[in-house]
Amino acid sequence: MAILENVKIEKLDHFGRGLVHNNGIIFIENALPGDVVDIEIVKDKKGIKEAVVLKYKERSNMYQEAICPYAKECGGCHIINLQYEEQLKYKKQKVQELIDKMLKEDIKVNEVISSGNAFNYRNKITLHGDGKKIGLYRNKTNEVIAIDECQLVNPRINALIKRINDYLAERDVLIYDVTIKTTTLLEDMLIVHGRLDYEDFKKEFSDVKVIFINEQMVTKEHYIREELLSKQFDISPNSFFQVNMQTTPLLYEKVKSLLKNNHYKTCLDLYCGTGTISILVSDLFARVYGIEVVKDAVLDANRNKELNGVNNVEFIWGKTEDHLGEFQDIDVVIVDPPREGLDRKTKDNLKRIKPKTIIYVSCDPATLMRDLSELKDLYDIKEINICDMFSQTYHVESICVLNLKNK
Ligand SMILES: C[S@@+](CC[C@H](N)C(=O)[O-])C[C@H]1O[C@@H](n2cnc3c(N)ncnc32)[C@H](O)[C@@H]1O
């Protein structure tokens, strides 16, 4: 397809791609605002084009060298070439643009909450086997790029990646995929699928607290423990847990601070996972209810409640949309849904319950804005904060406060 020379990138789009207007819009991966590039159009659908960079003529003053040898192939770190301060500005601007476009209200995004740790922050990675080593999928394919380390994960996970690769090199065994998790309390978990000698693997990784092979637990322990804001949380293999080891406490601290000095009695924590938010805010309410669809996460949440001596929280196993209809007279609702955001039934029930305050924790600003635009007739959108939970990627975590009008 067409080749264009000396194209100057205008800005980044919501997926971290360079954007230019030239007979329609062109999206260009691995290009930063200010870069001057020669590009080749590789896709053209009704004037919306995608292009690849053939040559960088001038690099942006926001550019930084990627510290990862796999960056170009893997594609997981969409904005690794953007200096960290610029990444934070980009995320703030991206959310502000969505507010201006979708809410059309005078709301300004607060400063970005960041731990300052742009690398080695993740407590979890899933890798796939290529027959010899383990690695990440090449961008948009199922082809495995073998790796020895990933710049996003905690060094304990990188040490385990190296050990697993050494293990595979010495034996005639196969790993199809492996999930490695760790905690700040230095407890590790391996969830492996493959053709392995269970006893041999267990012996080689005898220092790992929890090992599951092909869904079978081969260790005595089922949980790894994490500590957040002086509370302890046990996490089992199937339960969600926030991935950023340094920023997660800041996120929860922010949620707590938004509820301080309230005189409310009841709180609902929807999409509660292992009960982290419910337990962390339990001292601010007489009664807290958490709803979560994954059964193991609810079992973890109940265990975590006991672990922390909390007795005013009740966890309910099931879908938020199936249980919310049972509630009324709730003062505060905290929602932390997956990227799809809130479904129709949940939003209708929130409008019926009319909690005085809703705290919306979101990992997708587009679905957040869609949901806020439906709630804004009943609620004042008081503040929107951003938390950098996913450095080097275009993903943004937001924390939004809604107050019931005329309460
Ligand atoms: C972004 S996580 C938040 C978990 C928790 N608030 C935390 O901070 O660890 C979303 C959670 O929602 C759960 N989930 C997904 N769909 C759900 C639904 N329809 N009803 C209830 N929980 C759901 C997932 O299993 C996951 O634990």
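How far does a polar side-chain atom of Tyr252 lie from an oxygen atom of the ligand? I found 2.6 Å, and a polar contact is a pair of N or O atoms within 3.5 Å.

A note on my source: this is a predicted model, where local features need pLDDT of at least 70, side-chain atom pairs count only at pLDDT 80 or more, and totals for chains, interfaces and linings use all residues. Residues are numbered from 1 along each chain as its sequence is written, and side-chain values use heavy atoms, with hydrogens and water left out.

Next I checked two other side chains. An N or O atom of the Thr276 side chain is 3.3 Å from a ligand oxygen atom, and one in the Glu321 side chain is 3.1 Å from a ligand nitrogen atom. The protein buries 88% of the 590 Å² that the ligand exposes when taken alone (Shrake-Rupley method, 1.4 Å probe).

Then I looked at the shell. Of the 18 residues around the ligand (a heavy atom within 4 Å), those that come nearest are Tyr252, Glu292, Thr320, Glu321 and Asp336. Helix 6 (276-281) and helix 8 (320-323) each give two or more residues to the shell; helices are DSSP runs (H or I) of at least four residues, numbered from the N terminus.

Last, I turned to the helix pair. The axes (lines fitted to C-alpha atoms over the stretch in contact, with angles from 0 to 180 degrees between N-to-C directions) of helix 9 (residues 344-353) and helix 10 (residues 365-375) come within 11 Å and cross at roughly 35°.

Key
A polar contact is a pair of N or O atoms within 3.5 Å; within protein, one must be able to donate a hydrogen and the other to accept it, and residues adjacent in sequence count only if both atoms are side-chain atoms.
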